[in-house]
Amino acid sequence: MKPNPSIIDRLVGPSGRLYGPWPTVGVSTAIFGAAYLCGINRNLLYLSMLLSVAIMMSVVLRRGWAALVGLGVCAFLACVPAKVAELGTLYPAPRDRPGAENMWVTAIGEGETWTYEFTLAGLVKIAGNADLTGFLYIDGRNLSGLVVSVQGEALEGGPFIVKKNGLDHIAIPLGNPKAGTVTVSLRGAPQAAPRIFHGPEVHGSSVYGDAVWLEFTSGQDRKIYEATRTMAASGGR
Amino acid sequence: MQPAQQKSQGIPNDPIGQPGGNPPRNPVQLILGIGLLGVMLGVFLSYARSSVDWEILQTKHYWSAEKWYYGGYAAQYFETPKGYETFISEGLCNYTNMLALQEQLPAGRARHPVQGFPGTERLATPFLVSALLHAPGESANAWGAFWQANVLLWILSVYLAYKVAALFFADRFSPWFAAIFVALYPALTVTFNAIKQQPLGTAYLLLGMYLFEGRLGKAGLPFKAVALTAIMFFGQFADGGWCFLAAFIFLRAWWLPGRERWATILWLGAAVGVSGLWLAWLRSLYHLPSVTHALGFSFGRMLGESWTMLASWFSGADVSQLWFLNLSGATFFSVFWPAICEGFLSIHAVLLIVAVAGLFFVPRTRMFTVLVLPMLFVGHLGTIMAGWLFYYGYASFPAAVMVILAASGVLGRLAGREGLLPRAAALALAASVCLTFTDLKKQAGIYYGQGAGYYRRNVEVRYGNETEPVDY
């Protein structure tokens with residue numbers, strides 16, 4: 001044998017001896033049954049889980065006092081609910097509910113222009129690298145009807161679209177810009193209703209709510225830029 | 001003196017020591033003990049205390065904008081004591097389901113249903129976290145309780161790996177090796193800040209192995225049946241834990257003596273059946289969501305389709321329009337299984353080499369080595385059910401447990417030999433295994449799909465006009 005059993009081994013006691021596991025099983029069943037019958041806790045799902053835990057506990061805790069402590073904890077868990085704060089409505093992910101085309105996206109309204117100003121701080125470190133690639137990425141639905149302006153140059157979204165996890169994914173190459181500001185504007189083509197995916201990036205108390213971002217990659221370095229949206233009504237679409 | 005706990009039966013005894021004997025000591029044991037403490041301290045300080053949630057990072061677009069969002073993108077953000085945070089939508093139900101578990105009203109009057117995909121199959125997480133929330137002061141930060149649960153799960157897994165190895169190997173070193181490998185194992189170290197707790201299923205497998213091998217061996221049949229039923233019942237909420245454990249016990253039974261083998265298989269079948277009925281009753285009472293229902297998956301249909309495909313294949317017919325294991329044509333053989341094996345090899349190559357060596361030199365390790373492939377298949381059953389072509393590293397954890405135990409047995413045998421060379425070799429091999437586990441960026445790439453190649457060494461995120469970037 002191992003001459004120095006650990007503290008935990010001493011706590012749970014040697015196997016095969018004991019006072020038997022049945023008293024623990026019986027007492028725990030009585031506790032949960034009483035909690036149910038007295039109306040303290042009528043959640044059969046939770047009580048069932050607790051009972052199975054109590055039975056497993058009876059396999060491990062062989063010393064009488066340890067089993068009593070375990071039973072006390074189980075009784076406490078059965079009778080006293082934990083305080084859990086509500087989160088509000090939880091929506092399923094789009095792919096969990098096929099056809100939920102309007103979930104998790106916001107449509108660019110008729111006559112609206114969404115503008116993002118990306119400040120390219122820190123890009124100078126990799127700006128001169130030959131292998132630098134930069135992309136403007138936009139995720140959403142129906143993006144073939146999206147008109148994207150990058151530094152004032154207007155582009156149709158359609159030619160840049162690939163499918164990504166059921167969504168339209170636009171990747172517009174940005175070349176090798178110098179550090180500064182990149183201004184991106186989005187608007188819908190006539191009769192089109194492009195919808196931009198919610199991609200909430202949050203940092204501290206700031207929220208960057210749309211899946212519109214810049215990515216620059218060179219070797220093992222990648223720089224991501226997030227910007228908040230400003231919205232304006234545009235005339236003459 | 002009485003043995004502290006019985007050794008597992010039915011596997012050839014290790015020649016270096018009999019169960020219940022007093023195996024020799026040597027300085028390697030002290031080195032391994034200090035090594036385990038050092039590894040746990042290092043993991044805690046470097047990984048656990050880091051605030052990076054690797055899964056939500058992968059879910060975002062930092063590493064894989066080219067292809068897709070993994071696991072459902074975060075659609076909501078919440079105010080937490082640390083400011084606004086987003087959480088992966090697939091795991092978020094682990095929070096909201098705490099409300100369902102803390103209801104005290106009967107099923108028909110409950111305000112909070114169990115929800116999410118997969119909600120029911122991961123209920124053990126909200127159960128564990130809500131238990132922690134009963135402690136004084138905990139309710140102020142429920143998100144912090146997830147982190148605490150992950151740390152506890154990690155410590156428990158390390159302890160159980162030690163105990164399970166001690167049940168199978170009579171030397172003094174194998175348990176330490178197993179504990180060190182599990183302490184560093186990426187499925188646990190990349191998930192300290194996660195709310196999904198994917199390693200829970202494998203931690204449950206370790207718990208079940210410990211209970212089955214170490215605590216239920218001498219129990220009477222009635223209690224064994226009741227305990228196995230309870231273990232299988234709770235395991236149905238533990239991220240596939242019941243399935244991993246049932247597969248292990250079933251396969252392990254073939255190393256038991258004749259009558260005990262059939263009794264074990266019989267009782268296991270009864271326990272799975274009764275626990276399934278228990279859950280089915282609760283499903284009907286609470287309208288619990290089900291992964292198989294959500295996916296429209298049926299085992300019977302899959303087996304029928306697979307049989308038809310195999311029969312057609314062997315007769316030389318075109319199988320491209322048929323299905324095998326929920327994948328079209330021969331995709332399972334040509335794409336899925338090679339991807340799973342490649343992903344598994346990328347992390348466990350050294351461990352596998354050591355385990356395979358044990359097939360020839362350490363008979364007691366053979367069972368675990370033989371079980372690696374079946375457990376790899378069982379671990380990835382969830383992906384097969386969904387029909388996804390994707391390698392999830394944490395789904396390989398059950399197989400990893402087998403290879404870790406086998407390799408630990410071999411290394412323990414080496415470490416117990418006389419002479420400096422075998423002992424140094426054991427420690428060097430263990431160190432090389434540990435090194436493969438330590439690069440979390442690479443591991444996160446492997447663990448959350450897409451492959452390590454998508455992960456960049458230096459990632460910097462600039463938010464709006466903030467002057468300081470965030471580095472990963």
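Trainee: What should I know before I start reading?
Mentor: This is a predicted model, in which local features need pLDDT of at least 70 and side-chain atom pairs count only at pLDDT 80 or more, while totals for chains, interfaces and linings use all residues. Residues are numbered from 1 along each chain as its sequence is written, and chains are lettered from A and ligands numbered from 1 in the order in which they are written.

Trainee: How many helices and strands are in chain A?
Mentor: Chain A has 4 helices and 13 strands, where helices (H or I, at least four residues) and strands (E, at least two) are DSSP runs numbered from the N terminus.

Trainee: And in chain B?
Mentor: Chain B has 19 helices and 6 strands.

Trainee: Which domains does chain A have?
Mentor: Chain A is divided into domain 1 (7–79) and domain 2 (105–233), with bounds that come from an automatic or database domain assignment. The centres of these two domains of chain A, taken over C-alpha atoms, are separated by 57 Å.

Trainee: Switching to chain B, how do helix 14 and helix 15 pack?
Mentor: Helix 14 (residues 331–361) of chain B and helix 15 (residues 366–379) of chain B have axes 10 Å apart and pack at an angle of about 165 degrees, the axes being lines fitted to C-alpha atoms over the stretch in contact, with angles from 0 to 180 degrees between N-to-C directions. Helix 14 of chain B and helix 15 of chain B are therefore roughly antiparallel, a label for angles over 145 degrees, while under 35 is roughly parallel, 65 to 115 roughly perpendicular and the rest oblique.

Trainee: Which residues meet there?
Mentor: On helix 14 of chain B they include Ile340(B) and Phe344(B), and on helix 15 of chain B they include Arg366(B) and Leu376(B); contact needs C-beta atoms, placed from the backbone, within 7 Å.

Trainee: What about helix 10 and helix 15 of chain B, at what angle do they cross?
Mentor: Helix 10 (residues 241–252) of chain B and helix 15 of chain B cross at roughly 145 degrees, and their axes come within 10 Å. Among the residues that meet are Phe244(B) and Phe248(B) from helix 10 of chain B, and Leu371(B) and Met375(B) from helix 15 of chain B.

Technical notes
Contact = placed C-beta atoms within 7 Å.
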